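Here is a short report for a reader who is new to this structure. Take a look at the chain, then read on.

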Amino acid sequence: MLSLLPIFSLIIPTLAVPQVKLGNTVITGASFLESGVEFFGGIPFAQPPVGELRLKPPVLATVLDTPTFNATKFGPSCLNTAFPKALVSEDCLQLNVFRPTNVTSNAKIPILFWIYGGKPTSLCSNECLLICYISGAFSAGATLKYNATSLVAQSMTRGTPIIVVSANYRLGPLGFPPTVEAAKKGSLNLGIKDQIAALKWVQNNIEIFGGDKSKVTIFGESAGGNSVTLHFLGKHIKGLARAAIAQSAPIVPSFLPGRYQDRWTSFISAIPECASLANSTNTFDCLRGNVTTASLLQGFAASTTDVRTDLTYFPTIDGPQGILPDLPTKLIPTARLPVILGSNLDEGTFFIDQHVNSTEQISKQLTDLCKPALLGEKLLNNAMKQILRLYPDIPALGSPFNTGNQTFGLSSQYKRGAAILGDWIFQAPRRAMSTSLREQGIPVYGYQFTEPTAISPIAPDPRTVAPGSIAVTHGAEIPFVITGVTNGTAAAEALQIMMQDYWISFAVTLNPNDGKGSNRPKWEEYSVSKPTVLQLQGGDVKAVPDTYRDAQMRFINSIPHVFHR
(Lines give C-alpha, C1' and ligand atoms only; values in the text may rest on other atoms or scores of the structure.)
Protein backbone atom coordinates (compact mmCIF):
# COMPACT_ATOMS: atom_id res chain seq x y z
CA MET A 1 0.00 0.00 0.00
CA LEU A 2 1.43 3.36 -0.99
CA SER A 3 1.66 6.10 1.58
CA LEU A 4 -0.75 9.04 1.56
CA LEU A 5 1.55 11.75 0.24
CA PRO A 6 3.00 9.81 -2.70
CA ILE A 7 -0.53 8.84 -3.79
CA PHE A 8 -1.68 12.42 -3.50
CA SER A 9 1.22 13.88 -5.38
CA LEU A 10 1.84 11.27 -8.02
CA ILE A 11 0.19 8.11 -9.28
CA ILE A 12 2.98 5.97 -10.76
CA PRO A 13 2.38 5.93 -14.52
CA THR A 14 3.17 3.37 -17.18
CA LEU A 15 4.02 4.16 -20.77
CA ALA A 16 0.40 3.42 -21.73
CA VAL A 17 -1.50 6.47 -20.52
CA PRO A 18 -5.19 5.67 -19.98
CA GLN A 19 -7.70 8.13 -21.38
CA VAL A 20 -11.46 8.49 -21.56
CA LYS A 21 -13.60 11.13 -23.25
CA LEU A 22 -16.28 12.84 -21.18
CA GLY A 23 -18.35 15.07 -23.45
CA ASN A 24 -15.78 17.19 -25.25
CA THR A 25 -13.08 16.65 -22.61
CA VAL A 26 -10.28 14.09 -22.81
CA ILE A 27 -9.51 12.88 -19.29
CA THR A 28 -6.03 11.47 -18.75
CA GLY A 29 -5.44 9.10 -15.87
CA ALA A 30 -2.56 6.97 -14.69
CA SER A 31 -1.73 3.29 -14.30
CA PHE A 32 -0.26 1.30 -11.44
CA LEU A 33 2.67 -0.59 -12.89
CA GLU A 34 2.28 -4.00 -11.26
CA SER A 35 -1.42 -4.33 -10.54
CA GLY A 36 -3.04 -3.75 -13.89
CA VAL A 37 -5.27 -1.06 -12.42
CA GLU A 38 -5.93 2.37 -13.90
CA PHE A 39 -6.69 5.47 -11.86
CA PHE A 40 -8.59 8.64 -12.70
CA GLY A 41 -8.59 11.10 -9.81
CA GLY A 42 -9.89 14.47 -8.77
CA ILE A 43 -12.75 14.61 -11.29
CA PRO A 44 -15.34 17.26 -10.34
CA PHE A 45 -18.88 15.91 -9.92
CA ALA A 46 -20.43 19.21 -8.79
CA GLN A 47 -19.79 22.91 -9.10
CA PRO A 48 -17.28 24.19 -6.51
CA PRO A 49 -19.35 24.98 -3.37
CA VAL A 50 -17.84 28.43 -2.93
CA GLY A 51 -19.15 31.98 -2.89
CA GLU A 52 -22.89 31.98 -3.56
CA LEU A 53 -22.87 28.15 -3.61
CA ARG A 54 -21.33 27.90 -0.14
CA LEU A 55 -23.72 26.17 2.27
CA LYS A 56 -26.08 25.23 -0.55
CA PRO A 57 -26.98 21.77 -1.90
CA PRO A 58 -24.51 20.55 -4.53
CA VAL A 59 -25.02 21.60 -8.14
CA LEU A 60 -24.36 18.50 -10.24
CA ALA A 61 -21.72 18.87 -12.97
CA THR A 62 -21.82 16.00 -15.45
CA VAL A 63 -19.34 17.48 -17.94
CA LEU A 64 -16.11 19.45 -17.79
CA ASP A 65 -15.47 22.79 -19.45
CA THR A 66 -11.92 22.20 -20.67
CA PRO A 67 -10.68 20.24 -23.71
CA THR A 68 -8.35 18.17 -21.51
CA PHE A 69 -8.28 17.21 -17.84
CA ASN A 70 -5.36 15.82 -15.85
CA ALA A 71 -6.73 13.09 -13.56
CA THR A 72 -3.47 11.59 -12.33
CA LYS A 73 -3.90 12.76 -8.71
CA PHE A 74 -6.41 12.64 -5.93
CA GLY A 75 -8.15 15.93 -5.34
CA PRO A 76 -7.88 17.71 -1.99
CA SER A 77 -9.98 16.92 1.04
CA CYS A 78 -12.92 19.13 1.88
CA LEU A 79 -12.14 21.70 4.57
CA ASN A 80 -11.24 20.18 7.92
CA THR A 81 -8.55 20.60 10.54
CA ALA A 82 -7.24 17.02 10.54
CA PHE A 83 -5.20 17.36 7.36
CA PRO A 84 -2.42 19.81 6.46
CA LYS A 85 -3.70 23.01 4.88
CA ALA A 86 -2.03 22.05 1.61
CA LEU A 87 -4.32 19.01 1.32
CA VAL A 88 -7.66 20.74 1.93
CA SER A 89 -9.82 23.04 -0.18
CA GLU A 90 -13.40 24.27 -0.47
CA ASP A 91 -13.26 23.19 -4.11
CA CYS A 92 -13.33 19.54 -3.11
CA LEU A 93 -16.42 17.90 -4.64
CA GLN A 94 -14.39 15.52 -6.73
CA LEU A 95 -14.34 11.77 -7.21
CA ASN A 96 -11.93 9.04 -8.24
CA VAL A 97 -12.27 5.96 -10.42
CA PHE A 98 -10.17 2.80 -10.08
CA ARG A 99 -10.72 0.33 -12.92
CA PRO A 100 -9.00 -2.62 -14.60
CA THR A 101 -6.69 -1.80 -17.49
CA ASN A 102 -7.84 -1.91 -21.08
CA VAL A 103 -11.53 -1.70 -20.22
CA THR A 104 -13.85 -0.75 -23.07
CA SER A 105 -16.83 1.56 -22.69
CA ASN A 106 -19.25 -1.33 -23.23
CA ALA A 107 -17.71 -3.62 -20.58
CA LYS A 108 -20.66 -3.22 -18.13
CA ILE A 109 -18.56 -3.74 -14.98
CA PRO A 110 -20.25 -3.57 -11.53
CA ILE A 111 -19.39 -0.64 -9.26
CA LEU A 112 -18.37 -0.43 -5.60
CA PHE A 113 -18.90 3.16 -4.43
CA TRP A 114 -16.77 3.95 -1.35
CA ILE A 115 -17.86 6.45 1.33
CA TYR A 116 -15.04 7.26 3.76
CA GLY A 117 -15.34 7.69 7.49
CA GLY A 118 -13.66 10.14 9.79
CA LYS A 119 -10.33 10.18 11.49
CA PRO A 120 -9.25 11.63 14.84
CA THR A 121 -8.79 15.37 14.57
CA SER A 122 -5.58 17.11 15.49
CA LEU A 123 -7.26 17.94 18.81
CA CYS A 124 -7.58 14.29 19.79
CA SER A 125 -5.98 13.16 22.99
CA ASN A 126 -5.87 9.88 24.79
CA GLU A 127 -8.08 11.37 27.48
CA CYS A 128 -11.24 11.57 25.42
CA LEU A 129 -11.01 9.42 22.34
CA LEU A 130 -14.76 8.80 22.16
CA ILE A 131 -15.94 12.34 21.63
CA CYS A 132 -12.81 13.24 19.73
CA TYR A 133 -13.25 10.48 17.18
CA ILE A 134 -16.97 11.01 16.82
CA SER A 135 -16.27 14.70 16.33
CA GLY A 136 -13.92 13.69 13.54
CA ALA A 137 -16.46 11.34 12.01
CA PHE A 138 -18.34 13.88 9.87
CA SER A 139 -15.75 16.60 10.41
CA ALA A 140 -12.69 14.93 8.87
CA GLY A 141 -11.82 12.40 6.20
CA ALA A 142 -10.84 12.25 2.53
CA THR A 143 -10.72 9.91 -0.42
CA LEU A 144 -6.98 10.45 -0.68
CA LYS A 145 -6.51 8.06 2.25
CA TYR A 146 -7.93 5.10 0.33
CA ASN A 147 -6.04 3.50 -2.52
CA ALA A 148 -8.45 0.87 -3.88
CA THR A 149 -5.93 -0.76 -6.21
CA SER A 150 -5.78 -3.95 -4.14
CA LEU A 151 -9.55 -4.47 -4.29
CA VAL A 152 -9.77 -3.93 -8.05
CA ALA A 153 -6.74 -6.15 -8.67
CA GLN A 154 -8.36 -8.98 -6.71
CA SER A 155 -11.53 -8.64 -8.77
CA MET A 156 -9.46 -9.19 -11.89
CA THR A 157 -7.63 -12.17 -10.39
CA ARG A 158 -10.92 -13.93 -9.68
CA GLY A 159 -12.33 -13.15 -13.13
CA THR A 160 -15.12 -10.83 -11.98
CA PRO A 161 -13.78 -7.30 -12.56
CA ILE A 162 -15.24 -4.34 -10.70
CA ILE A 163 -14.73 -0.59 -10.67
CA VAL A 164 -14.28 1.32 -7.41
CA VAL A 165 -15.45 4.92 -7.20
CA SER A 166 -14.74 7.15 -4.19
CA ALA A 167 -16.04 10.67 -3.64
CA ASN A 168 -15.39 13.55 -1.26
CA TYR A 169 -18.21 15.22 0.65
CA ARG A 170 -18.34 18.40 2.70
CA LEU A 171 -17.50 18.12 6.37
CA GLY A 172 -18.11 19.86 9.68
CA PRO A 173 -20.01 23.17 9.69
CA LEU A 174 -19.87 23.47 5.90
CA GLY A 175 -21.30 19.98 5.38
CA PHE A 176 -23.59 19.59 8.37
CA PRO A 177 -24.77 22.99 9.64
CA PRO A 178 -27.09 22.07 12.53
CA THR A 179 -29.17 25.23 12.89
CA VAL A 180 -32.77 26.32 12.32
CA GLU A 181 -31.39 28.83 9.81
CA ALA A 182 -29.91 25.93 7.82
CA ALA A 183 -33.27 24.16 7.91
CA LYS A 184 -35.11 27.22 6.61
CA LYS A 185 -32.66 27.59 3.75
CA GLY A 186 -32.64 23.92 2.73
CA SER A 187 -29.05 23.45 3.84
CA LEU A 188 -29.20 20.56 6.30
CA ASN A 189 -27.18 17.39 5.67
CA LEU A 190 -25.22 18.86 2.76
CA GLY A 191 -22.49 16.23 3.08
CA ILE A 192 -24.99 13.43 2.49
CA LYS A 193 -26.45 15.37 -0.43
CA ASP A 194 -22.92 15.59 -1.86
CA GLN A 195 -22.75 11.79 -1.78
CA ILE A 196 -26.05 11.58 -3.63
CA ALA A 197 -24.77 14.04 -6.25
CA ALA A 198 -21.69 11.86 -6.76
CA LEU A 199 -23.94 8.81 -7.22
CA LYS A 200 -25.94 10.77 -9.82
CA TRP A 201 -22.68 11.59 -11.61
CA VAL A 202 -21.97 7.85 -11.69
CA GLN A 203 -25.36 7.26 -13.30
CA ASN A 204 -24.54 9.83 -15.97
CA ASN A 205 -20.92 9.01 -16.67
CA ILE A 206 -19.63 5.68 -15.38
CA GLU A 207 -20.33 3.93 -18.67
CA ILE A 208 -17.48 5.81 -20.37
CA PHE A 209 -15.17 4.08 -17.87
CA GLY A 210 -16.73 0.69 -18.66
CA GLY A 211 -19.06 0.61 -15.66
CA ASP A 212 -22.63 -0.63 -15.38
CA LYS A 213 -24.76 2.09 -13.80
CA SER A 214 -27.44 -0.45 -12.90
CA LYS A 215 -25.03 -2.39 -10.68
CA VAL A 216 -23.83 0.07 -8.04
CA THR A 217 -23.16 -1.08 -4.47
CA ILE A 218 -22.47 1.61 -1.87
CA PHE A 219 -20.06 0.72 0.92
CA GLY A 220 -18.45 2.65 3.72
CA GLU A 221 -16.89 2.47 7.17
CA SER A 222 -17.67 4.35 10.39
CA ALA A 223 -19.21 7.70 9.36
CA GLY A 224 -19.19 6.25 5.86
CA GLY A 225 -21.08 3.24 7.17
CA ASN A 226 -23.49 5.58 8.94
CA SER A 227 -23.98 7.37 5.61
CA VAL A 228 -24.69 4.05 3.92
CA THR A 229 -27.31 3.34 6.58
CA LEU A 230 -29.02 6.68 5.97
CA HIS A 231 -29.05 5.96 2.25
CA PHE A 232 -30.62 2.52 2.43
CA LEU A 233 -33.14 3.69 5.03
CA GLY A 234 -34.04 6.73 2.92
CA LYS A 235 -35.83 7.52 -0.32
CA HIS A 236 -33.10 9.20 -2.32
CA ILE A 237 -31.05 6.09 -3.08
CA LYS A 238 -33.68 4.61 -5.41
CA GLY A 239 -32.23 4.26 -8.88
CA LEU A 240 -28.73 5.12 -7.66
CA ALA A 241 -27.66 1.84 -6.02
CA ARG A 242 -28.89 -1.72 -5.81
CA ALA A 243 -27.03 -2.96 -2.70
CA ALA A 244 -25.20 -1.67 0.37
CA ILE A 245 -22.39 -2.62 2.76
CA ALA A 246 -22.11 -0.84 6.12
CA GLN A 247 -18.88 -1.52 7.98
CA SER A 248 -18.85 -0.52 11.67
CA ALA A 249 -21.68 1.95 11.19
CA PRO A 250 -22.15 3.90 14.44
CA ILE A 251 -25.67 4.76 15.52
CA VAL A 252 -25.52 8.01 17.46
CA PRO A 253 -28.12 10.46 18.80
CA SER A 254 -30.13 12.28 16.13
CA PHE A 255 -31.68 15.67 16.82
CA LEU A 256 -33.82 18.35 15.24
CA PRO A 257 -32.21 21.57 13.95
CA GLY A 258 -31.18 24.05 16.62
CA ARG A 259 -29.90 21.54 19.14
CA TYR A 260 -26.34 22.82 18.68
CA GLN A 261 -26.88 26.50 18.01
CA ASP A 262 -24.15 27.29 20.55
CA ARG A 263 -21.55 25.43 18.50
CA TRP A 264 -22.60 27.29 15.35
CA THR A 265 -22.25 30.51 17.32
CA SER A 266 -18.69 29.48 18.19
CA PHE A 267 -18.02 28.81 14.52
CA ILE A 268 -19.29 32.23 13.42
CA SER A 269 -17.62 34.07 16.31
CA ALA A 270 -14.20 32.89 15.16
CA ILE A 271 -14.70 34.15 11.60
CA PRO A 272 -13.62 37.83 11.59
CA GLU A 273 -15.74 38.76 8.59
CA CYS A 274 -18.96 37.51 10.26
CA ALA A 275 -18.27 37.61 14.00
CA SER A 276 -20.69 40.50 14.60
CA LEU A 277 -23.55 38.24 13.44
CA ALA A 278 -22.67 35.31 15.69
CA ASN A 279 -25.76 35.67 17.86
CA SER A 280 -28.14 36.33 14.97
CA THR A 281 -30.18 33.92 12.87
CA ASN A 282 -28.91 35.40 9.61
CA THR A 283 -25.35 34.20 9.11
CA PHE A 284 -25.45 32.47 5.73
CA ASP A 285 -25.43 35.63 3.61
CA CYS A 286 -22.26 36.77 5.33
CA LEU A 287 -20.63 33.36 4.94
CA ARG A 288 -21.38 33.49 1.23
CA GLY A 289 -19.60 36.81 0.99
CA ASN A 290 -15.89 37.55 1.07
CA VAL A 291 -14.97 35.03 3.77
CA THR A 292 -11.55 33.49 3.22
CA THR A 293 -10.66 29.82 3.51
CA ALA A 294 -8.30 30.70 6.35
CA SER A 295 -11.18 32.30 8.26
CA LEU A 296 -13.39 29.28 7.70
CA LEU A 297 -10.68 26.95 9.02
CA GLN A 298 -10.29 29.23 12.03
CA GLY A 299 -14.02 28.94 12.73
CA PHE A 300 -13.92 25.23 12.06
CA ALA A 301 -11.26 24.73 14.72
CA ALA A 302 -13.03 26.96 17.23
CA SER A 303 -16.33 25.13 16.93
CA THR A 304 -14.78 21.73 17.63
CA THR A 305 -12.51 22.76 20.48
CA ASP A 306 -14.69 21.21 23.17
CA VAL A 307 -14.17 17.64 22.04
CA ARG A 308 -15.64 16.29 25.27
CA THR A 309 -19.17 17.33 24.38
CA ASP A 310 -19.13 17.86 20.63
CA LEU A 311 -21.58 15.84 18.57
CA THR A 312 -22.43 18.93 16.56
CA TYR A 313 -21.67 18.04 13.00
CA PHE A 314 -23.76 14.96 12.42
CA PRO A 315 -26.80 14.30 10.21
CA THR A 316 -29.80 16.25 11.48
CA ILE A 317 -33.47 15.25 11.37
CA ASP A 318 -34.79 17.22 8.40
CA GLY A 319 -38.41 16.22 7.90
CA PRO A 320 -40.56 13.98 5.65
CA GLN A 321 -38.80 14.70 2.35
CA GLY A 322 -35.34 14.97 3.85
CA ILE A 323 -32.27 12.81 4.17
CA LEU A 324 -33.14 11.83 7.76
CA PRO A 325 -36.92 12.21 8.11
CA ASP A 326 -37.06 10.85 11.66
CA LEU A 327 -35.04 8.86 14.17
CA PRO A 328 -33.35 5.97 12.32
CA THR A 329 -35.14 3.32 14.39
CA LYS A 330 -38.48 4.73 13.21
CA LEU A 331 -37.65 4.57 9.50
CA ILE A 332 -38.91 1.83 7.21
CA PRO A 333 -36.60 1.24 4.22
CA THR A 334 -38.18 2.11 0.89
CA ALA A 335 -35.33 1.09 -1.41
CA ARG A 336 -35.12 -2.44 0.10
CA LEU A 337 -31.45 -2.95 -0.78
CA PRO A 338 -29.70 -6.23 0.09
CA VAL A 339 -27.09 -5.38 2.73
CA ILE A 340 -23.97 -6.57 4.49
CA LEU A 341 -23.80 -5.28 8.08
CA GLY A 342 -20.88 -5.91 10.39
CA SER A 343 -18.65 -4.69 13.18
CA ASN A 344 -15.34 -5.45 14.82
CA LEU A 345 -14.80 -7.42 18.01
CA ASP A 346 -13.45 -4.57 20.13
CA GLU A 347 -14.98 -1.41 18.62
CA GLY A 348 -15.30 0.25 22.03
CA THR A 349 -11.60 0.18 22.85
CA PHE A 350 -11.05 2.89 20.27
CA PHE A 351 -13.31 5.32 22.08
CA ILE A 352 -13.14 4.85 25.83
CA ASP A 353 -10.89 7.08 27.89
CA GLN A 354 -7.85 5.01 28.86
CA HIS A 355 -7.74 6.85 32.17
CA VAL A 356 -11.28 5.97 33.20
CA ASN A 357 -11.23 4.48 36.71
CA SER A 358 -14.73 4.72 38.14
CA THR A 359 -18.37 3.92 37.46
CA GLU A 360 -19.13 7.63 37.66
CA GLN A 361 -16.71 8.44 34.85
CA ILE A 362 -18.22 5.81 32.56
CA SER A 363 -21.72 7.02 33.33
CA LYS A 364 -20.78 10.63 32.68
CA GLN A 365 -19.14 9.79 29.37
CA LEU A 366 -22.36 8.12 28.22
CA THR A 367 -24.79 10.70 29.57
CA ASP A 368 -22.80 13.60 28.13
CA LEU A 369 -23.38 12.11 24.69
CA CYS A 370 -27.12 11.65 24.86
CA LYS A 371 -28.52 14.15 27.33
CA PRO A 372 -32.05 14.42 26.01
CA ALA A 373 -33.62 17.56 24.69
CA LEU A 374 -37.15 16.41 25.48
CA LEU A 375 -36.79 13.44 27.82
CA GLY A 376 -36.07 13.91 31.48
CA GLU A 377 -32.73 13.43 33.21
CA LYS A 378 -34.31 10.83 35.47
CA LEU A 379 -35.17 8.55 32.55
CA LEU A 380 -31.67 8.81 31.15
CA ASN A 381 -30.01 8.22 34.52
CA ASN A 382 -32.18 5.18 35.24
CA ALA A 383 -31.20 3.71 31.88
CA MET A 384 -27.53 4.24 32.66
CA LYS A 385 -27.89 2.54 36.03
CA GLN A 386 -29.41 -0.51 34.38
CA ILE A 387 -26.68 -0.63 31.76
CA LEU A 388 -24.02 -0.51 34.46
CA ARG A 389 -25.74 -3.39 36.25
CA LEU A 390 -25.76 -5.41 33.03
CA TYR A 391 -22.04 -4.76 32.49
CA PRO A 392 -20.42 -5.52 35.86
CA ASP A 393 -16.87 -4.50 36.68
CA ILE A 394 -15.39 -7.93 35.92
CA PRO A 395 -12.32 -7.74 33.66
CA ALA A 396 -12.93 -11.16 32.09
CA LEU A 397 -16.26 -9.84 30.72
CA GLY A 398 -14.81 -6.65 29.30
CA SER A 399 -13.24 -5.53 26.05
CA PRO A 400 -10.76 -6.42 24.63
CA PHE A 401 -12.84 -9.58 24.77
CA ASN A 402 -11.29 -12.99 25.32
CA THR A 403 -8.39 -11.55 27.32
CA GLY A 404 -9.41 -12.91 30.71
CA ASN A 405 -8.51 -10.85 33.76
CA GLN A 406 -5.73 -8.96 31.99
CA THR A 407 -6.15 -5.16 32.37
CA PHE A 408 -3.06 -3.94 30.47
CA GLY A 409 -1.97 -1.83 33.42
CA LEU A 410 -5.24 0.13 33.30
CA SER A 411 -8.19 0.26 35.67
CA SER A 412 -10.65 -2.58 35.23
CA GLN A 413 -13.19 0.11 34.43
CA TYR A 414 -11.48 0.58 31.08
CA LYS A 415 -12.50 -2.88 29.85
CA ARG A 416 -15.97 -2.38 31.30
CA GLY A 417 -16.46 0.95 29.56
CA ALA A 418 -15.07 -0.39 26.28
CA ALA A 419 -17.57 -3.24 26.33
CA ILE A 420 -20.46 -0.85 26.99
CA LEU A 421 -19.46 1.63 24.30
CA GLY A 422 -18.81 -1.03 21.67
CA ASP A 423 -22.24 -2.56 22.22
CA TRP A 424 -24.08 0.76 22.61
CA ILE A 425 -22.67 2.42 19.48
CA PHE A 426 -22.09 -0.55 17.16
CA GLN A 427 -23.06 -4.08 18.14
CA ALA A 428 -26.57 -3.60 19.54
CA PRO A 429 -27.75 -1.26 16.73
CA ARG A 430 -26.28 -3.60 14.11
CA ARG A 431 -28.15 -6.52 15.65
CA ALA A 432 -31.41 -4.58 15.86
CA MET A 433 -31.12 -3.38 12.28
CA SER A 434 -30.28 -6.86 10.99
CA THR A 435 -33.38 -8.26 12.67
CA SER A 436 -35.61 -5.44 11.47
CA LEU A 437 -34.48 -5.68 7.85
CA ARG A 438 -34.86 -9.45 7.78
CA GLU A 439 -38.37 -9.19 9.23
CA GLN A 440 -39.18 -7.02 6.21
CA GLY A 441 -37.82 -9.64 3.84
CA ILE A 442 -34.65 -7.76 2.96
CA PRO A 443 -31.54 -9.96 2.48
CA VAL A 444 -28.95 -9.34 5.22
CA TYR A 445 -25.48 -10.82 5.69
CA GLY A 446 -23.88 -10.15 9.07
CA TYR A 447 -20.23 -10.39 10.11
CA GLN A 448 -17.95 -9.90 13.08
CA PHE A 449 -14.32 -9.13 12.30
CA THR A 450 -12.03 -10.74 14.89
CA GLU A 451 -8.58 -10.96 13.27
CA PRO A 452 -6.08 -10.47 16.15
CA THR A 453 -3.21 -9.26 13.95
CA ALA A 454 -5.24 -6.48 12.33
CA ILE A 455 -3.94 -2.94 12.77
CA SER A 456 -6.42 -0.12 12.35
CA PRO A 457 -5.09 2.60 10.02
CA ILE A 458 -7.20 5.17 11.87
CA ALA A 459 -6.42 4.06 15.42
CA PRO A 460 -4.49 6.23 17.89
CA ASP A 461 -0.72 6.23 17.81
CA PRO A 462 0.28 2.96 19.54
CA ARG A 463 2.66 4.98 21.71
CA THR A 464 -0.31 6.75 23.32
CA VAL A 465 -2.20 3.65 24.46
CA ALA A 466 -1.40 0.75 26.74
CA PRO A 467 0.11 -2.12 24.69
CA GLY A 468 -2.54 -4.64 23.66
CA SER A 469 -5.40 -2.57 25.03
CA ILE A 470 -7.23 -1.72 21.80
CA ALA A 471 -7.04 -5.18 20.13
CA VAL A 472 -9.44 -5.67 17.17
CA THR A 473 -10.61 -2.10 17.29
CA HIS A 474 -12.53 0.34 15.11
CA GLY A 475 -11.24 0.52 11.53
CA ALA A 476 -9.16 -2.63 11.83
CA GLU A 477 -10.96 -4.29 8.90
CA ILE A 478 -10.22 -1.47 6.41
CA PRO A 479 -6.92 -2.89 5.06
CA PHE A 480 -8.59 -6.29 4.61
CA VAL A 481 -11.30 -4.81 2.42
CA ILE A 482 -10.02 -1.88 0.42
CA THR A 483 -6.40 -0.79 0.84
CA GLY A 484 -4.69 -4.17 1.27
CA VAL A 485 -2.71 -5.78 4.08
CA THR A 486 1.03 -5.20 4.17
CA ASN A 487 3.51 -7.37 6.07
CA GLY A 488 0.73 -9.55 7.45
CA THR A 489 0.86 -13.20 8.44
CA ALA A 490 -0.02 -15.84 5.87
CA ALA A 491 -3.37 -16.34 7.62
CA ALA A 492 -4.09 -12.60 7.59
CA GLU A 493 -3.24 -12.27 3.91
CA ALA A 494 -5.47 -15.23 3.10
CA LEU A 495 -8.24 -13.58 5.10
CA GLN A 496 -7.81 -10.38 3.10
CA ILE A 497 -8.32 -12.26 -0.18
CA MET A 498 -11.32 -14.06 1.28
CA MET A 499 -12.94 -10.84 2.51
CA GLN A 500 -12.34 -9.07 -0.77
CA ASP A 501 -13.88 -12.05 -2.56
CA TYR A 502 -16.99 -11.82 -0.36
CA TRP A 503 -17.33 -8.08 -1.02
CA ILE A 504 -16.69 -8.40 -4.76
CA SER A 505 -19.06 -11.35 -5.11
CA PHE A 506 -21.79 -9.35 -3.34
CA ALA A 507 -21.25 -6.39 -5.65
CA VAL A 508 -21.38 -8.59 -8.75
CA THR A 509 -24.17 -11.04 -7.85
CA LEU A 510 -25.89 -9.58 -4.70
CA ASN A 511 -24.67 -12.69 -2.90
CA PRO A 512 -21.23 -13.12 -1.28
CA ASN A 513 -21.14 -16.80 -2.30
CA ASP A 514 -20.48 -16.85 -6.03
CA GLY A 515 -17.96 -19.71 -5.72
CA LYS A 516 -15.21 -17.80 -7.49
CA GLY A 517 -11.81 -16.81 -6.17
CA SER A 518 -10.71 -18.18 -2.81
CA ASN A 519 -12.12 -21.34 -1.26
CA ARG A 520 -14.22 -19.89 1.54
CA PRO A 521 -17.10 -20.94 3.81
CA LYS A 522 -20.63 -20.20 2.69
CA TRP A 523 -21.95 -16.99 4.21
CA GLU A 524 -25.51 -17.67 5.29
CA GLU A 525 -28.18 -14.98 5.30
CA TYR A 526 -29.07 -13.54 8.68
CA SER A 527 -31.96 -15.35 10.35
CA VAL A 528 -34.37 -13.89 12.89
CA SER A 529 -35.13 -17.28 14.45
CA LYS A 530 -31.52 -18.49 14.54
CA PRO A 531 -29.27 -15.45 14.04
CA THR A 532 -25.66 -16.01 13.04
CA VAL A 533 -22.86 -13.81 11.79
CA LEU A 534 -19.77 -14.78 9.87
CA GLN A 535 -16.65 -14.64 12.03
CA LEU A 536 -13.87 -13.14 9.91
CA GLN A 537 -10.59 -14.36 11.40
CA GLY A 538 -7.54 -15.76 9.64
CA GLY A 539 -7.68 -19.55 9.69
CA ASP A 540 -11.02 -19.61 11.48
CA VAL A 541 -13.74 -18.15 9.26
CA LYS A 542 -17.06 -19.65 10.35
CA ALA A 543 -20.65 -18.90 11.31
CA VAL A 544 -21.10 -18.03 15.00
CA PRO A 545 -24.34 -17.37 16.91
CA ASP A 546 -25.31 -13.70 17.08
CA THR A 547 -26.48 -14.08 20.67
CA TYR A 548 -23.46 -12.93 22.67
CA ARG A 549 -24.33 -10.46 25.46
CA ASP A 550 -27.96 -11.00 24.58
CA ALA A 551 -29.54 -9.53 27.73
CA GLN A 552 -27.34 -6.44 27.55
CA MET A 553 -28.09 -5.69 23.92
CA ARG A 554 -31.78 -6.43 24.29
CA PHE A 555 -31.96 -3.74 26.94
CA ILE A 556 -30.01 -1.22 24.85
CA ASN A 557 -32.28 -1.91 21.88
CA SER A 558 -35.42 -1.62 24.02
CA ILE A 559 -34.83 2.07 24.76
CA PRO A 560 -33.84 3.76 21.49
CA HIS A 561 -35.85 6.85 22.49
CA VAL A 562 -33.53 7.41 25.44
CA PHE A 563 -30.57 7.49 23.08
CA HIS A 564 -32.39 9.54 20.40
CA ARG A 565 -32.00 6.77 17.83
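## Terms and model

A residue is buried when its relative accessible area is under 20%, exposed when it is over 50%, and partly exposed in between (1.4 Å probe, protein chains only). By that rule, 61% of the 565 residues of the chain are buried.

The model is predicted: local features need pLDDT of at least 70, side-chain atom pairs count only at pLDDT 80 or more, and totals for chains, interfaces and linings use all residues. Residues are numbered from 1 along each chain as its sequence is written, and side-chain values use heavy atoms, with hydrogens and water left out.

## Overall form

The chain holds 16 helices and 14 strands. These are DSSP runs, numbered from the N terminus: helices are H or I with at least four residues, strands are E with at least two. The radius of gyration is 22 Å, close to the 24 Å of the globule rule for 565 residues, so the chain is as compact as a globular protein of that length. That radius is taken over C-alpha atoms, and the rule is 2.2 Å times the number of residues to the power 0.38. Along its principal axes, the C-alpha trace spans about 65 × 65 × 45 Å.

Contact means heavy atoms within 4.5 Å. Among contacts with a separation of 6 or more, 75% are between residues 24 or more positions apart.

## Surface and charge

The accessible surface of the chain is about 20200 Å², and 55% of it belongs to carbon and sulfur atoms. Such areas come from the Shrake-Rupley method with a 1.4 Å probe; for residues, only the protein chains shown count as cover.

There are 45 positive and 39 negative charges, and their mean positions lie 5 Å apart. Lys and Arg count as positive, Asp and Glu as negative; His and the chain ends are not counted. Each charge is placed at NZ of Lys, CZ of Arg, CG of Asp or CD of Glu.

## Strand β12

Strand β12 covers residues 444-449. Six of its six residues are buried, so the rest of the structure largely encloses it. In a regular strand, side chains alternate between the two faces of the sheet. Here V444, G446 and Q448 point one way, while Y445, Y447 and F449 point the other way.

Which strands pair with β12? Two strands pair if DSSP finds at least two bridges between them. Strand β11 (residues 339-344) pairs with β12 in the parallel sense over six bridges, and I340 stands opposite Y445. Strand β13 (residues 532-536) also runs parallel to β12, joined by three bridges. There, Q448 stands opposite Q535.

Helix α7 (residues 223-233) is mostly covered, with eleven of its eleven residues buried. Among them are N226, H231 and F232.

S222 sits in the loop between β9 (211-221) and α7. Its phi is near 60°, a positive value in a residue other than glycine. S222 counts as buried, at 1% relative accessibility.

## Other loops

The loop between α12 (377-390) and α13 (412-439) holds P400. A cis peptide bond joins S399 and P400, with omega about 10°. N402 lies in the loop between α12 and α13 too. N402 is not a glycine, yet has a positive phi of about 65°. Is N402 buried or exposed? N402 is exposed, with a relative accessible area of 72%.

T72 is in the loop between β5 (68-70) and β6 (94-100). T72 counts as buried, at 18% relative accessibility. T72 and N96 are 24 residues apart in sequence and 9.7 Å apart in space, C-alpha to C-alpha.
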